[in-house]
Amino acid sequence: MEIVFEGVILRPWSVKDADRLAVIANNKKISDNLRDGLPNPYSLSDAHNWLSTIIPINDPPRFFAITMENYLVGSLGIVTKDDIYVKNVEIGYFLAEEYWGKGIITKAIKAATAYAFSRFDIVRVYAESFADNPGSRRALEKAGFACEAVIKNNIFKNGVVKDSCIYSVLKENFFYKLPRI
Ligand SMILES: CC(C)(COP(=O)(O)OP(=O)(O)OC[C@H]1O[C@@H](n2cnc3c(N)ncnc32)[C@H](O)[C@@H]1OP(=O)(O)O)[C@@H](O)C(=O)NCCC(=O)NCCS
């Protein structure tokens, strides 16, 4: 399956993506803004290990390669929740640095959110951005998310305590529709 939205295509990961994933994810500017699960440096072995972990459990698809013209440019994951949080999903993402500033992640967030609302029985999609990540915060806002809260001192990244921001959109307030899946 593919999620197609204004020239950006999200598709499930393949083992064939390992080489390119290892190149784009091996960037400290990316890992510095994500949870510690994405190491730096990021090796081909890291890429193979991650793909072999997520591909067998990617049904229904939740881990997506972001592609432009059939070329891998980023990653977007939808994390389903359980227990009392079962009506939420969380999204997380990164883009190859050479593709920043072109609106690609904004489109990918819209596409993934539309997909999540149509595919899962949920009422809310949210993302957590470090407070000092204006590119991610702005992309979420452009995709229709609102900042719900700034959580003080809840991030410890690279030895520094930071604030984070919770952005969300509720199903009733989300209006982008996918042309096809
Ligand atoms: C966050 C990330 C995906 C954004 O990708 P992107 O391609 O730049 O995003 P977009 O082009 O769709 O939108 C970015 C917006 O933020 C703005 N922006 C970027 N850097 C900014 C800065 N330092 N200050 C203010 N605004 C900034 C851009 O101008 C753009 O807004 P505009 O269209 O109104 O001009 C990319 O920088 C990335 O992969 N970062 C590392 C990983 C990461 O942070 N992941 C998110 C974790 S929550």
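Two residues are in contact here if their C-beta atoms, placed from the backbone, lie within 7 Å. Keep that rule at hand as we walk through this predicted model, in which local features need pLDDT of at least 70, side-chain atom pairs count only at pLDDT 80 or more, and totals for chains, interfaces and linings use all residues. Residues are numbered from 1 along each chain as its sequence is written.

Setting aside residues up to four places away in sequence, A131 touches V150, K162, D163, S164 and C165. A131 itself belongs to the loop between β6 (124-130) and α5 (134-142). These element names come from DSSP runs, numbered from the N terminus: helices are H or I runs of at least four residues, and strands are E runs of at least two.

Is A131 buried, exposed or something in between? A residue is buried if 20 or more other C-beta atoms lie within 10 Å of its own, exposed if 12 or fewer, and partly exposed in between, with C-beta atoms placed from the backbone. A131 has 15 C-beta neighbours inside 10 Å, so it counts as partly exposed.

Now for the inside of the model. A nonpolar core is a set of buried Ala, Val, Leu, Ile, Met, Phe, Trp, Tyr and Cys residues joined through C-beta atoms within 7 Å. The largest such core has 46 residues, and the members that touch the most others are L10, I66, I91, A108, I109, A111 and A112. Helix α4 (residues 104-119) gives this core its largest share, ten residues. Take A112 as an example: beyond residues up to four places away in sequence, A112 touches I3, L10, F64, L76, I78 and I91.

Next, look at how helices pack. Two packed helices are described by the angle between their axes and the distance between the axes. The axes are lines fitted to C-alpha atoms, for helices over the stretch in contact, and the angles run from 0 to 180 degrees between N-to-C directions. For α4 and α5, the angle is about 50° and the axes are 9 Å apart. That angle makes α4 oblique to α5, given that angles under 35 degrees count as roughly parallel, over 145 as roughly antiparallel, 65 to 115 as roughly perpendicular and the rest as oblique. I105, T106 and I109 in α4 meet A139, L140 and K142 in α5. The residues of this contact divide into four nonpolar, one polar and one charged. In this sorting, Ala, Val, Leu, Ile, Met, Phe, Trp, Tyr, Cys and Pro count as nonpolar, Asp, Glu, Lys and Arg as charged, and the others, Gly among them, as polar.

Another helix pair is α1 (residues 18-25) and α3 (residues 44-54), which pack at about 120° with axes 8 Å apart. Here α1 is oblique to α3. On the α1 side, A18, D19, L21, A22 and A25 meet L44, D46, A47, H48 and L51 of α3. The residues of this contact divide into seven nonpolar, one polar and two charged.

Two residues other than glycine have a positive phi. D83 has a phi of about 55° and is in the loop between β4 (71-80) and β5 (88-95). With 5 C-beta neighbours inside 10 Å, D83 counts as exposed. N158 has a phi near 50° and is in the loop between β7 (146-157) and β8 (160-170). N158 has 11 C-beta neighbours inside 10 Å, so it counts as exposed.

We finish with F120, in the loop between α4 and β6. F120 has 18 other C-beta atoms within 10 Å and is therefore partly exposed. Leaving aside neighbours within four places in sequence, F120 is in contact with T80 and V89.
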